[in-house]
Amino acid sequence: MTITPLMPVYPRCGVRPVRGEGCHLVSEDGRRFLDFASGIAVNILGHGHPVLTKAIQDQAATLVHVSNLYGSPQGEALAQRLVDATFADTVFFTNSGAEAVECAIKTARRYHFANGQPQRHKLISFNNAFHGRTLGTISATNQPKMRDGFEPLLPGFEVVPFNELAAAEAAIDDSTAGFLVEPIQGEGGVTPATTEFLTGLRRLADEHGLLLILDEVQCGYARTGTFFAHEQYGIVPDIMAVAKGIGGGFPLGACLATEEAAKGMVPGTHGSTYGGNPLAMAAASAIMDVVVNDAFLDGVKAKGTRLRQALEQLIPNHDGLFHSVRGMGLMLGLKLTDKVEARDFVAHLRDNHGLLTVGAGENVVRILPPLVIEDAHIAEFVEKLSAAARDYGAAA
Ligand SMILES: *Cc1c(COP(=O)(O)O)cnc(C)c1O
């Protein structure tokens, strides 16, 4: 037997975390890392935050799970808070981001079905998109590494270039249900949609009776300095998928929709055994307590600006390696030049300088710190990044 007990689908690195302390992780062998990966934009309060820890402990001792056969005071309360804080009128809770996107896809198809137009089932999605790893969500991307060998995939998706409004418009036909788009592509390379593109998709959706579905699984939940990234574009979606930061590490996702967009989602059409159980709701409620207020959100914006400025100042000093900085708030990407591969540089940062970051498409190093970082963490990051750039050649 050579296969590992953990199915070997991840090329895991040598860091084996056993403990978290705020913005740092401690590995099995005692090494300490500054965690600017945050479990891929999940641990927005860092590790061991007292508010989240206490909420989970208290709820675990009270009631963990009952199923959706029963009334849910915990789910009703959190859904109401999300409705109050967003464009949405209604919320479905899932256990992951991919499931949130699945629910969004199903909601869009049911909307046109409820309108007597079931032929309008096609979603227009975008080059380099990432929406998850279920069969439905890999059908919405054109990245071969996620699709190869899993065909036949789900019909009803057409992928066109990101940030090219004319291409999106040209793809609209009688079978189109709507658009599925990340306001800031994460995995694809930390690429923000242009304002013209996102507002243009909203306008096209309105003109053609289509639904605009935003995937804010990565860019949402305070990451960019507003509760959701689309707020900074001055538009609202009809449906939105959320996850990652929503539970601060507790597995949870959500599909938010307007009353009109959710008109087809009547009793019996969708479900999840765990989705929105009391323990998940307690974790998510604690997260909302901390992040959904102007002081916290303004802090994220200010820290994002300071981190970005510090990164931009590094570029001329290390012009052989760093190309540019992209992203919004604390969802930043450091694009490298073609002298260095992002994957190699992420490994160098990790193994030789104790910095955790995440690779992304387009040769970008993703910088996704906990949203509770302080200036000292920014200084530690920049100092170590600079040292890593200086000794990259030597260490490689
Ligand atoms: C991570 C991610 C997903 C998938 O979330 P999972 O919890 O891994 O299923 C979907 N969309 C975007 C934009 C993501 O970043």
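**Reading annotated sites, helices and voids in a predicted model**

Q: Leaving aside the neighbours within four places in sequence, which residues is Ala98 in contact with?

A: In this predicted model, where a contact requires heavy atoms within 4.5 Å, Ala98 is in contact with His131, Gly132, Arg133, Thr134 and Thr137, once its neighbours within four places in sequence are left aside. Ala98 itself belongs to helix α4, which runs over residues 97-114.

Q: Is Ala98 buried or exposed?

A: The general idea is to compare the relative accessible area with a cut-off, and the cut-off for a buried residue is under 20%. Ala98 has a relative accessible area of 13%, so Ala98 is buried.

Q: Which residues does the UniProt annotation "binding site" cover, and how far are they spread in space?

A: According to the unreviewed UniProt entry, the annotation "binding site" covers Gly97, Ala98, Phe130, Asp215, Glu216, Val217, Gln218 and Thr273. These residues are spread over 177 residues of sequence, and they are also spread in space, with up to 25.2 Å between C-alpha atoms. Of these residues, Thr273 is included in the lining of the largest cavity.

Q: Where does Val217 lie, and which residues is it in contact with?

A: Val217 lies in the loop between β10 (211-215) and β11 (239-242). With its neighbours within four places in sequence set aside, Val217 is in contact with Gly97, Val101, Ala241, Val242, Ala243 and Lys244. Its relative accessibility is 9%, and Val217 therefore counts as buried.

Q: At which other residues does UniProt place the feature "binding site", and which of them are buried or exposed?

A: The unreviewed UniProt entry also places this feature at Arg133 and Ser272, and of these residues Ser272 is included in the lining of the second largest pocket. Arg133 is found in the loop between β5 (122-126) and α5 (135-139), and with a relative accessible area of 56% Arg133 is exposed. Not counting residues up to four places away in sequence, Arg133 touches Ala98, Ile138 and Met146. Ser272, by contrast, is found in the loop between β12 and α9, and at 19% relative accessibility Ser272 counts as buried. Again without residues up to four places away in sequence, Ser272 touches Asn68, Phe92, Phe93 and Asn95.

Q: How many residues line the second largest pocket, and which helix gives the most to that lining?

A: The second largest pocket has a volume of about 680 Å³ and is lined by 28 residues, of which Asn68, Thr90, Val91, Phe92 and Phe93 lie nearest its centre. At least two residues of the lining are supplied by each of α3 (73-85), β4 (90-94), α4 and β12 (253-257), and α3 gives the most, with five residues. By class, this lining has 13 nonpolar, 13 polar and two charged residues.

Q: What is the volume of the largest cavity, and what classes of residue line it?

A: The count comes to one cavity of 30 Å³ or more, and the largest cavity has a volume of about 60 Å³. Its lining comprises 13 residues, of which Val66, Ser67, Asn68, Gly276 and Asn277 lie nearest the centre. By class, the lining of the largest cavity has three nonpolar, 10 polar and no charged residues.

Q: How many residues of α9 are buried, and what do they pack against?

A: Helix α9 is mostly covered, with 12 of its 14 residues buried, among them Leu279, Met281, Ile287, Met288, Val290 and Val291. The buried residues of α9 pack against α2 (50-62), α3, β4 and α10 (294-317). The span check can be repeated for this helix, residues 278-291: its 14 residues, at 1.5 Å each, should span 20 Å, and because its end C-alpha atoms are 20 Å apart, the expectation agrees with the model.

Terms used: Residues numbered from 1 in each chain as written. Predicted model: local features only at pLDDT ≥ 70, side-chain atom pairs only at ≥ 80, totals over all residues. Heavy atoms only, no water. UniProt positions renumbered as here; feature names shortened; annotations may be inferred. 1 Å grid on protein atoms, 1.4 Å probe; cavity = no way out; pocket = protein on both sides within 12 Å on 5 of 7 lines; lining within 4 Å. Helix = DSSP H or I, 4+ residues; strand = E, 2+ residues; numbered from the N terminus. Buried < 20%, exposed > 50% of the residue type's maximum accessible area, 1.4 Å probe, protein only. Points joined across faces, edges and corners; volume = space filled by probe spheres on them. Nonpolar A, V, L, I, M, F, W, Y, C, P; charged D, E, K, R; others polar. Expected span 1.5 Å × (residues − 1).
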